[in-house]
Amino acid sequence: MSHRIDYAKAADDALVRESQSGDMEAFEELVARHRDKIYGRAYTILRNEDDALDVSQEAWVKIWQRLAQFKGDSSFATWITRIAINLCLDHLRKQKRLQAESIEQMEDGLGGVERQLPTVMVNPTERLERRELRQRIDQALAQMTVEHRTALVLHEFEDLEYKEIAQRMGCSLGTVMSRLFYARRKLAVLLAGLKREEAR
Amino acid sequence: MIHPETALKVQACLDGELPPAEARRVAGWLDQDPELRLLGEELRGTKALLVGNEPEFSVPESREFYWSKIARELQPTSSLEMAPGPSRLGWWLRVAVPLGSTLVLAAVLLLRSGPGAFGSRYLATGHEIETPLEEMASITFRSESARMTVVWVDTSMN
């Protein structure tokens with residue numbers, strides 16, 4: 001019995017089922033719905049528009065190839081984002097941009113400028129539109145090293161635990177903690193700095 | 001000055017990564033040490049700031065263009081791994097061609113064996129049976145509508 005579904009109105013679950021049976025139109029609808037999220041995650045980590053486009057499109061090809069493996073244990077959005085993140089990390093490794101920090105670097109991170117700065121209480125939500133706050137967070141993320149930014153993104157936006165971040169980034173638990181600490185302090189300092197600049 | 005290990009413990013405590021007993025111990029430090037407490041508040045504030053405020057980005061390409069590049073990559077994959085069933089045209093041709101040939105041959109045999117089979121040159125519009133020389137024992141059947149020519153050679157006469 002032949003059946004047609006209204007792709008634009010169908011829920012993700014239904015589109016996933018259709019895609020799993022080889023329906024490429026259903027898959028195209030899923031791509032259209034989630035492409036910004038996948039591209040956004042890739043861009044947040046890689047900070048390069050062309051790289052983010054390439055990796056996000058590569059992710060969709062992988063997603064199609066692995067659709068049979070998706071059993072619905074997590075949401076479709078979570079599942080595809082994890083695939084995209086793994087590709088981002090592979091991309092960084094190929095470019096040798098993602099490197100395990102040496103002990104000296106770790107100590108620099110913890111004992112360096114950021115640790116010596118006085119603690120800052122950041123409350124930029126005051127008198128700030130959400131869009132503006134997001135822009136500031138983006139500016140601050142752009143100024144971090146790829147290792148610190150990735151650790152922060154995986155922990156804060158993907159809700160991954162230290163152990164899982166360490167596995168994905170190929171580093172020790174201690175390195176994850178160090179990177180997160182450094183990233184948070186840097187973020188606080190940068191946001192406070194941006195606020196001071198605005199006040200002038 | 002806060003010791004690096006202590007700072008990381010405070011952070012791990014705020015992230016819920018410490019076992020309960022150790023988390024209680026760190027909470028005790030935060031109660032007693034104002035400097036540690038300030039650091040904890042900063043880390044907590046930064047964490048809270050990020051919740052729901054993730055920067056958003058849009059693909060800088062149209063839906064069609066973005067999809068076309070993905071579809072191009074999927075084409076060989078989909079034909080190999082998620083190949084659909086045989087096309088309807090292929091199925092039709094596989095059935096129709098032998099069936100048609102059989103019917104044509106059957107028609108020729110019927111005409112040959114019937115009364116006056118060779119006496120009539122034209123049977124119907126567009127259908128032609130030609131026997132150039134009877135002793136050659138060959139019959140040519142031509143159907144214009146089917147765009148087909150069948151040559152029947154009778155070897156039993158030799």
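What pattern does chain A follow, read along the sequence? Chain A follows α-α-α-α-α-α-α-α-α-α.

The model is predicted, so local features need pLDDT of at least 70 and side-chain atom pairs count only at pLDDT 80 or more, while totals for chains, interfaces and linings use all residues. Residues are numbered from 1 along each chain as its sequence is written, and chains are lettered from A and ligands numbered from 1 in the order in which they are written.

**Figure 1. Secondary structure of chains A and B.** Chain A has ten helices and zero strands; helices are DSSP runs of H or I with at least four residues, strands are runs of E with at least two, and both are numbered from the N terminus. Chain B has five helices and four strands, in the order α-α-α-α-α-β-β-β-β from the N terminus on. Of the 200 residues of chain A, 42% count as buried, and of the 158 residues of chain B, 15% do. A residue is buried if 20 or more other C-beta atoms lie within 10 Å of its own, exposed if 12 or fewer, and partly exposed in between, with C-beta atoms placed from the backbone. Among contacts in chain A between residues at least 6 apart in sequence, 64% join residues at least 24 apart; two residues are in contact if their C-beta atoms, placed from the backbone, lie within 7 Å.

**Figure 2. The interface of chains A and B.** Contacts join 40 residues of chain A to 36 residues of chain B. On the chain A side, H2 (24–46), H3 (49–65), H5 (103–111), H7 (130–142), H8 (146–157) and H10 (173–199) each supply at least two residues. H2(A) gives the most, with ten residues. The side of chain A that touches chain B divides into 22 nonpolar, eight polar and ten charged residues. Ala, Val, Leu, Ile, Met, Phe, Trp, Tyr, Cys and Pro count as nonpolar, Asp, Glu, Lys and Arg as charged, and the others, Gly among them, as polar.

**Figure 3. The largest nonpolar core.** This core has 63 residues, and among those with the most contacts inside it are Ala42(A), Val55(A) and Ala151(A). H10(A) provides the largest share, eleven residues. A nonpolar core is a set of buried Ala, Val, Leu, Ile, Met, Phe, Trp, Tyr and Cys residues joined through C-beta atoms within 7 Å. Leaving aside neighbours within four places in sequence, the contacts of Ala151(A) include Ile165(A), Val176(A) and Ala183(A).

**Figure 4. The crossing of H2(A) and H3(A).** The two axes come within 8 Å and cross at roughly 135°. H2(A) is therefore oblique to H3(A). The crossing is right-handed. Among the residues in this contact are Phe27(A), Ala42(A) and Leu46(A) of H2(A) and Val55(A), Trp60(A) and Trp64(A) of H3(A). The contact divides into 13 nonpolar residues, one polar and two charged. Axes are lines fitted to C-alpha atoms, for helices over the stretch in contact, and angles run from 0 to 180 degrees between N-to-C directions. Angles under 35 degrees count as roughly parallel, over 145 as roughly antiparallel, 65 to 115 as roughly perpendicular and the rest as oblique. A crossing is right-handed if the near helix is turned clockwise from the far one by less than a right angle, and left-handed if anticlockwise.

**Figure 5. The loop residue Ser21(A).** Ser21(A) lies between H1 (12–20) and H2 of chain A. Ser21(A) is exposed because 10 other C-beta atoms lie within 10 Å. Ser21(A) and Leu67(A) are 46 residues apart in sequence and 9.4 Å apart in space, C-alpha to C-alpha.
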